[in-house]
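Look at the sequence and the model first, then read on.

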Amino acid sequence: MKLTLEIWRQAGPTQEGHFETVQVDDASEQMSILELLDHVNEGYIERGEEPFAFASDCREGICGTCGLTVNGRPHGPGQNTPACQQRLFNFTDGQTIKLEPFRSAAYPVIKDMIVDRAALDHVMEQGGYVSMDAGTAPDADTLHVNHETSEYSLDHAACIGCGACVAACPNGAAHLFTGAKLVHLSLMPLGKEERGRRARNMVDDLEANFGHCSLYGECADVCPAGVPLTAVSAVTRERARAAFRGKDD
Amino acid sequence: MTNTELKREHPKFSHPQSIVPGVSAGNILESNEPHGVPMKDMWSHQKDHMQLVSPLNRRKFEVLVVGTGLSAGSAAAALGELGYKVKVFTYHDSPRRAHSIAAQGGVNASRAKKVDNDSAYRHTKDTVKGGDYRCRESDCWRLANESVRVIDHMNAIGAPFAREYGGTLATRSFGGVQVSRTYYTRGQTGQQLQLSTTSALYRQIGLGNVELFAHNDLQDIIVYNDNGKKRAGGIVTRNLITGELKAFTGHAVVLGTGGYGNVYHMSTLAKNSNASAMMRAYDSGAYLASPAFVQFHPTGLPVNSDWQSKTILMSESLRNDGRIWSPKKEGDDRDPNTIPEEERDYFLERRYPAFGNLVPRDVASRAISQQINAGLGVGPLHNSVYLDFRDAIERLGKDKIRERYSNLIEMYEEAIGESAYETPMRIAPTCHFTMGGLWTDFNEMTSIDGLFAAGECSWTYHGANRLGANSLLSASVDGWFTLPFTIPNYLADHLNEEKLAEDSPEAQATLAQSQERIDRLMGVRGENPHGPSYYHRQLGDILYHGCGVSRNVEDLKEAITKIRELREDFWANVRIPGEANDMNQVLEYGLRVADYLDLGELMCVDALDRDESCGAHFREDHLTEDGEAERDDENWCFVSAWEPGANKNEFIRHAEPLYFDSIPLMTRNYK
Ligand SMILES: Cc1cc2nc3c(=O)[nH]c(=O)nc-3n(C[C@H](O)[C@H](O)[C@H](O)COP(=O)(O)OP(=O)(O)OC[C@H]3O[C@@H](n4cnc5c(N)ncnc54)[C@H](O)[C@@H]3O)c2cc1C
Ligand code: SF4
Ligand code: FES
């Protein structure tokens with residue numbers, strides 16, 4: 001395949017960025033977008049030039065490290081697919097592909113296509129956990145969870161933390177990410193005990209650092225983990241519940 | 001340390017002569033197990049006799065933890081919970097990303113709730129036998145005994161394990177064992193264990209007990225002389241965003257830096273998984289045990305092109321219905337569907353009539369590799385064999401096959417561009433797990449005082465072959481239920497000692513050493529410049545061929561020579577564009593490859609030195625009459641733990657003799 005790539009270059013957080021045009025005429029349909037970038041970079045490195053920086057790790061859709069904006073869409077054209085699994089057969093021969101970092105006020109650019117997503121970790125640090133020390137847990141078989149609840153919880157726990165939902169959202173909201181965690185833990189047998197406290201603390205941080213949610217639904221469309229859109233409503237619901245109850249659980 | 005009165009004597013042990021030039025025999029290592037106590041009780045005895053640190057004194061100790069995977073993340077969280085001051089380091093941008101996240105199948109625990117007659121004994125036995133008796137039995141007992149708490153704890157902190165309709169935990173049978181002891185969360189068990197552990201770590205970070213240093217890559221370990229003993233006092237890291245090197249010091253250092261499978265270039269590990277922390281420890285004098293013990297997975301996605309970034313695991317369940325074959329004729333590039341039945345070799349069915357395509361992982365990997373090495377490989381690079389659903393589709397119908405394997409077949413089609421319903425799939429063995437790693441004693445301390453190692457970067461539990469679903473467990477047992485006991489026990493001896501100062505000469509000397517290494521790499525200006533991947537790729541090819549699924553003396557010798565040449569070439573010609581004091585991914589990679597070259601050499605030395613077959617270490621010159629691996633318990637029933645020799649190309653082999661009390665030595669048979 002022949003492709004024209006426009007790839008984002010940005011030396012650092014405070015420097016101006018620009019697109020650099022690269023022609024590729026030996027791309028293969030089976031390549032992922034990241035393998036295409038590897039291939040381009042290989043050429044730069046062999047010529048002694050600095051390649052394009054981008055983030056990735058597992059290359060199998062589970063670690064959430066990858067993420068770039070492909071033709072204006074986080075991760076690329078394929079629905080619910082992370083960048084590392086977006087293959088070139090989704091594009092046509094001769095097409096121009098524009099590759100740039102995730103765009104969001106919450107994600108400062110570090111270099112080229114790498115952004116800082118630490119704000120997501122910060123939300124988690126406020127309450128995305130169960131307060132139980134090692135060794136103190138009761139027997140997991142005595143804490144019954146019905147099959148359906150456990151599976152539903154897992155649908156939300158599946159979030160890979162890539163941050164595409166925020167980049168896809170016109171408001172830069174992290175409601176899908178936060179809601180997923182709130183739903184997951186509220187259904188776990190011991191996570192229930194601090195359900196209210198968790199919602200208050202996480203949502204306070206969410207609101208301080210990300211945009212608000214107007215239910216556009218763009219997030220669920222790009223989410224590689226297929227977290228259901230209903231998760232965003234959990235943010236408001238859990239927060240309201242906590243406010244009315246006025247208790248930690 | 002505890003239990004000094006309970007040391008073991010080794011009247012029968014003597015170091016076998018090495019056939020490798022440059023290898024000399026070293027010491028007999030002390031495991032620090034409480035000798036005299038039955039293996040199965042050693043861990044509880046050890047714990048009972050450990051020293052404690054009172055809650056008020058814990059804040060006086062600073063522990064540096066490298067890694068945020070299941071092993072290191074849990075150690076950091078648990079030590080934070082206990083009240084120690086913890087600093088945790090990872091090169092990832094977030095602690096959640098460690099490669100533990102990619103494990104799929106499940107996690108073993110011998111909770112023995114069912115009436116299928118599982119027990120800690122059986123779990124220990126499966127682990128020891130699976131490891132072909134090249135592990136410490138007492139470690140395996142700890143693994144089995146602590147497994148109960150791992151599941152309870154992981155469930156409590158958020159892992160939504162699969163549940164039966166009655167609400168209790170579901171289990172499945174995994175990795176060829178006859179009982180059902182594998183707990184799972186769909187096909188994403190690693191992810192859920194990793195995320196729960198990360199949550200616990202987030203909690204400690206939020207509470208201020210643990211300080212996180214993301215984007216920080218370990219460059220060196222600060223080791224100093226403490227009254228004639230080597231002692232770890234800190235680490236040097238490189239900030240991957242700014243390129244800044246910095247020394248951090250503490251009272252103890254923990255490495256939980258994962259497996260080294262990427263030395264093979266192509267493996268199922270994440271792109272950034274590496275061996276650097278382990279190799280830095282080795283260079284500083286921490287012994288490296290059994291580096292040649294590597295597990296290959298038989299059903300990896302084949303490498304199809306030179307741009308493919310890594311191999312991916314496809315579930316072994318494919319072997320339930322797929323028949324594995326290769327053409328009988330060398331270089332047979334015909335469309336596989338046109339190759340007639342009599343020209344196909346269903347080699348697993350032929351060689352292992354009882355188990356056929358379902359022989360254990362290592363047996364399958366080996367047989368497949370032998371076909372490929374004999375020139376019978378298929379595909380554009382002649383590096384794979386067929387896994388054919390034709391007969392299963394004929395027998396069961398396409399719908400049934402689709403129902404069973406559709407997600408795998410889709411994944412294959414996306415990656416390779418072929419439909420397995422029409423053309424046989426191609427598979428190849430791929431490096432998947434590394435049993436070798438830093439040698440540690442029963443307390444998981446390396447041969448450097450105060451330097452601990454946990455998870456896949458250490459050698460513990462898995463011997464010469466890992467039992468499926470035992471490594472998520474081992475990483476969890478290490479971090480949650482071993483180090484939180486053994487590290488305080490170590491620290492108790494150092495109460496009221498100041499940690500090494502960050503501006504001390506020792507710390508600054510190590511910092512300078514890291515800087516020098518980077519300068520040296522950046523400064524190479526050769527005639528024939530190439531980027532790091534040029535060398536890494538070649539190293540991978542050398543290792544797959546020479547130190548892969550099946551090994552022989554000649555190929556190993558050749559591999560050692562080739563690696564040494566490649567290393568010369570690398571240090572004379574490698575070219576790193578960009579600057580060192582900036583984010584520079586090529587520099588990061590170059591540093592990795594430099595370590596892989598040394599590690600690759602050591603792996604081949606270990607494989608050549610260990611003059612027997614055991615587990616995944618299959619030496620063609622040590623076979624039983626019917627072509628199976630033949631252990632030599634007389635001479636090699638010990639762990640080799642390596643130290644660099646005084647000169648280049650010299651190595652010292654230390655040994656820890658192995659003893660078994662409740663699981664007597666015996667051989668396995670899958671014919
Ligand atoms: C595809 C796949 C599937 C698997 N499936 C299973 C399974 O079903 N069941 C099972 O039991 N096991 C499975 N395993 C094995 C198991 O997942 C691993 O052995 C285990 O998770 C390793 O955990 P760890 O904590 O040792 O290392 P990791 O999780 O790899 O963590 C390593 C950590 O160290 C950090 N690190 C490394 N080097 C440095 C450095 N130089 N500087 C700073 N930080 C560093 C990394 O950032 C990371 O945080 C699988 C493995 C793979 C690859
Ligand atoms: S909710 Fe989906 S899109 Fe958002 S971080 Fe999680 S996996 Fe990524
Ligand atoms: S690289 Fe891990 S999800 Fe894409």
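## Ligand 1 and its surroundings

An oxygen atom of ligand 1 sits 3.3 Å from a polar backbone atom of G256(B). Taken alone, ligand 1 exposes 1,000 Å², and the protein buries 97% of that area. The model is predicted.

Two further polar contacts of ligand 1 can be set beside the one with G256(B).

| Residue | Atom of the residue | Atom of ligand 1 | Distance |
|---|---|---|---|
| H92(B) | N or O, side chain | oxygen | 3.0 Å |
| G106(B) | N or O, backbone | nitrogen | 2.9 Å |
| G256(B) | polar, backbone | oxygen | 3.3 Å |

In total, 36 residues surround ligand 1, and the closest are S71(B), S100(B), E456(B), S471(B) and L472(B). The shell is made up of 21 polar, twelve nonpolar and three charged residues. Four elements of chain B each supply at least two residues of this shell: the helices α3 (70–82) and α12 (471–481), and the strands β7 (216–226) and β16 (425–434).

## Ligand 2

How do the residues around ligand 2 divide into nonpolar, polar and charged? Ten are nonpolar, two are polar and none is charged. The shell belongs to chain A and includes C159(A), C162(A), C165(A) and C223(A), along with I160(A), L176(A), F177(A) and P224(A). Helices α4 (164–168) and α5 (175–186) of chain A each supply at least two of the shell residues.

## Chain A as a whole

Chain A contains eight helices and seven strands. Its C-alpha atoms fill a box of roughly 60 × 35 × 35 Å along the principal axes. Of the 249 residues of chain A, 59% count as buried. The chain exposes about 9,400 Å², of which carbon and sulfur atoms supply 48%. Among contacts in chain A between residues at least 6 apart in sequence, 70% join residues at least 24 apart.

## Nonpolar cores

The largest nonpolar core has 76 residues. Those with the most contacts inside this core are I235(B), L255(B), V263(B), Y264(B), L451(B) and L599(B). Helix α17 (residues 585–609) of chain B gives the core its largest share, 14 residues.

Which residues does V263(B) contact, leaving aside its neighbours within four places in sequence? They are H536(B), L539(B), G540(B), L543(B), Y596(B), L599(B), G600(B) and M603(B). Apart from this core lies another, of 56 residues, with A77(B), L79(B), V107(B) and I151(B) among them.

Definitions and conventions
Residues are numbered from 1 along each chain as its sequence is written. Chains are lettered from A and ligands numbered from 1 in the order in which they are written. This is a predicted model: local features need pLDDT of at least 70, side-chain atom pairs count only at pLDDT 80 or more; totals for chains, interfaces and linings use all residues. Side-chain values use heavy atoms; hydrogens and water are left out. A residue is near a molecule or strand if one of its heavy atoms lies within 4 Å of it. Ala, Val, Leu, Ile, Met, Phe, Trp, Tyr, Cys and Pro count as nonpolar, Asp, Glu, Lys and Arg as charged, and the others, Gly among them, as polar. A nonpolar core is a set of buried Ala, Val, Leu, Ile, Met, Phe, Trp, Tyr and Cys residues joined through side-chain atoms within 4.5 Å. Buried means under 20% relative accessible area, exposed over 50%, partly exposed in between (1.4 Å probe, protein chains only). Contact means heavy atoms within 4.5 Å. Accessible areas come from the Shrake-Rupley method with a 1.4 Å probe; for residues, only the protein chains shown count as cover. A polar contact is a pair of N or O atoms within 3.5 Å; within protein, one must be able to donate a hydrogen and the other to accept it, and residues adjacent in sequence count only if both atoms are side-chain atoms.
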